[in-house]
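This report looks at how side chains pack inside one protein model. Please have the sequence and the structure open while reading.

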Amino acid sequence: MSPSIQLQEMIRAIRSARTQCEERGVIQRECAAIRAQFRQSDGDSRSHNLAKLLYVHMLGYPAHFGQMECVRMIASPRYSEKRVGYLGAMMLLDEKQDACLLITNSIKNDLSHSSQYVQSLALCTLACIGSAEMCRDLAPEIDRLLRASNSYIKKKAALCAIHIVRKVPDLGELFAPTARALLVEKHHGVLHGAVVLITELCVCNPETLERFRKAVPDLVRIMKGLVTSGYSPEHDVAGISDPFLQVRILRLLRILGRNNEAASDAMNDLLAQVATNTDSTKTVGNAVLYETVLTVLDIKSESGLRVLAVNILGRFLLNNDRNIRYIAMNSLQKIVGTDNIAVQRHRGTIVDCLKDADASVKRRALDLSLALVSASNIRSMMKELLVFLSSCPPELRAEAASGIFHAAERYAPSQRWHIDTILHVLTTAGGDVRDETVPNLIQLITTASDLHCYTVHKLYRALFTDISQHPLVQVACWCIGEYGDLLLKGECQEMEPVEVTEDSVLDALETVLQSHMSTPVTRGFALTATMKLSTRITENVDRIRSIVSIYGSCIDVELQQRAVEYNALFQKYDHMRAAVLERMPLFEKNSPGHTNGDSAGDAVKEVKQREVSLPPQAPNQVCNLLDLLGDTEEPVQPGPAQGSAAPGLSVNTARPAGADLLDLLGGFEPPTPPTSAPPTTTTVYQKNGVTLALSCEKQSDANLTVTLTASNSSDSDISSFALQAAVPKSVHLLMKAPSGDLLPARGAAQVTQLVVLNNPNKVNLKMRIRMSYSSQGTTTQDMIQIDSFPGLT
């Protein structure tokens, strides 16, 4: 190939190459010829060679050897060579290369050139590759050109000043006075550059922002001239006069009017005029309207103007262009918290966007729909969201389920509606819900005492329909284990009567245990539910014993441990099985938010009356007394001495028969405590006339004797008084038999309970006590936590 080949011929040869290897060969030969001519310093062909080298660079091949040639051509007095040299510098150089510093002096000389085109080349190059050092050296020259009489140069100088301010914000003060003076120019290019320059100055320096707020009337005047001007072929775009300048002015007004009432008042009329007079049938008009809406919503505008802005976004939702619908919902999402009523007017249109085929529009519509849910529209909105959940893409299912749970927890009109909604979500998208859904639903069902029968019947039917949704199966197993007696009675007024037998219930649980779809956690729920049914049914206890014994050799360690302990309950501690497997007490979720349900039972009201706020604590630091499932994380009612419980509690209960409640693998006999100093007594519970006092007597470094004394100051006798206690797992606990279970009225007698603690590891002692008693036909259960023991150091 001849070294004198022209650019057009080289392009034709490269394009005619049939393989990449052939193309590389053409380029390598031509680059070798270009290097040779660079060394010969042939002045006639330098510009042609550099142009060919730039084309090679555009194709992605190395062209760094042409950098010094660019520097030499920039210093050339010929305009044709200077033009190609500046173009090569912008493409081959950047501010990190040393060669960039070599052209600083050439740029400075060209900025003072008599030709506006040479000045333009220097300005464009500085705005493209100018480093911080170059900007500091040449900033005075740029400020001088901003005051020139030539509009073409002032436009280029303004764009160059923008780059300088972005690169060196400290130089903004140099351009601030000149930028304000440029607002009186008639040339749209100069105005555009001036507005962008002022925007950059305001963003970089808050003090400059206050200075330019005085320019709001000038900007309003320019904007009104654009809106009311007639047809101008030079600036008209689809019937809109210079929409690019309008958008830039609106953005600057948004910055100047933010958090400033005076500036906002000065632009309110203009924004209303733009919003009502701009044509919204074209994309150009929608761009101007969108910037107007953002400005109205960001400044301190009038309420009527904000409603107008929201209505414009509502019209955008009806547009056929999905991009416009997307940005409309994105904007509504930001203001739904402050202008909820105005956004609610477009709720129907937003819900319709859930059916859009575009995934991005659908996601934004889901976020906005969840934000629009309120107490007044919870039923109608939830119907639409549940329909969407059944057909939404898999990537949106988890987000939709989480949003529905949150909305239902916050605005549920009744507890039954709340339970039905969550069960519907678990049936539809149970595999996509979060881990905390199961304990939250269990807590909700526990507090809804009047809905236990309805819930267990509904979950029992759901268990027969589908066992692939693990959260639903876990909740169903828990409810069947807790309220299996209500299920077997078959008396549910809210649902059609269905005959449920003991065998059918056990068949359902056995199906879950044997299913290959069940996870170890789900099998644990089912096994515990089966065990709990042994105290709620009468004819199939032997079948339950055989089911439990099978899993004593299960490969899953957790499931095997449960089965071994349950077998021990059947064999060695059968007399305590009913106490261990009794129904779970009421517990509440200690979290702020809306309390749902308008017909809560007396038990729930009682829980509310004794609610005490707890300090923040990690989820795994709290467990409920006798929580055999081990999956619940809700905190319990603390006593006067509050604090976080120790992780993992070993449990014992006090009964007249006396024994360790869950010491299933062997008994423990603490050493006989020696005599010690008289203990100190502290009251740890006082409610409904019942007072519980605690006294401690330290026997040794590891042994402690705790005496619990209960008395009754009310006017009625208290019967069936019982105490249960739990301590950290490393602490051994033995509860002796109480002195009785009757508390006469007016303190006629007391009940004492002796608790022996052995703390060999000397961990921080904590104790949780649950008491139950009956008074005037009403059974009361309460729980307290003790974090400090009197007399201990």
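The sections below cover the basis of the model, its nonpolar cores and its aromatic rings.

## Basis

The model is predicted: local features need pLDDT of at least 70, side-chain atom pairs count only at pLDDT 80 or more, and totals for chains, interfaces and linings use all residues. Residues are numbered from 1 along each chain as its sequence is written, and side-chain values use heavy atoms, with hydrogens and water left out.

## Nonpolar cores

A nonpolar core is a set of buried Ala, Val, Leu, Ile, Met, Phe, Trp, Tyr and Cys residues joined through side-chain atoms within 4.5 Å; buried means under 20% relative accessible area, exposed over 50%, and partly exposed in between (1.4 Å probe, protein chains only). The largest core has 184 residues, and Ile142, Phe175, Ile249, Leu332 and Ile480 have the most contacts inside it. A second, separate core has 30 residues, including Val690 and Met767.

Contact means heavy atoms within 4.5 Å. Beyond its neighbours within four places in sequence, Ile142 touches Leu111, Leu123, Leu126, Ala157, Cys160, Ala161, Ile164 and Phe175.

## Aromatic rings

Rings of Phe, Tyr and Trp (its six-membered ring) pair if their centres lie within 6.5 Å; planes under 30 degrees apart count as stacked, over 60 as edge-to-face and the rest as tilted. The whole structure holds four such pairs. Tyr460 and Phe464 are edge-to-face, at 4.9 Å centre to centre and 80 degrees between the planes. Tyr460 counts as buried because its relative accessibility is 8%, whereas Phe464, at 51%, counts as exposed.

Phe721 and Tyr773 are stacked, because their centres are 6.3 Å apart and their planes lie at 25 degrees. Both Phe721 and Tyr773 are buried.
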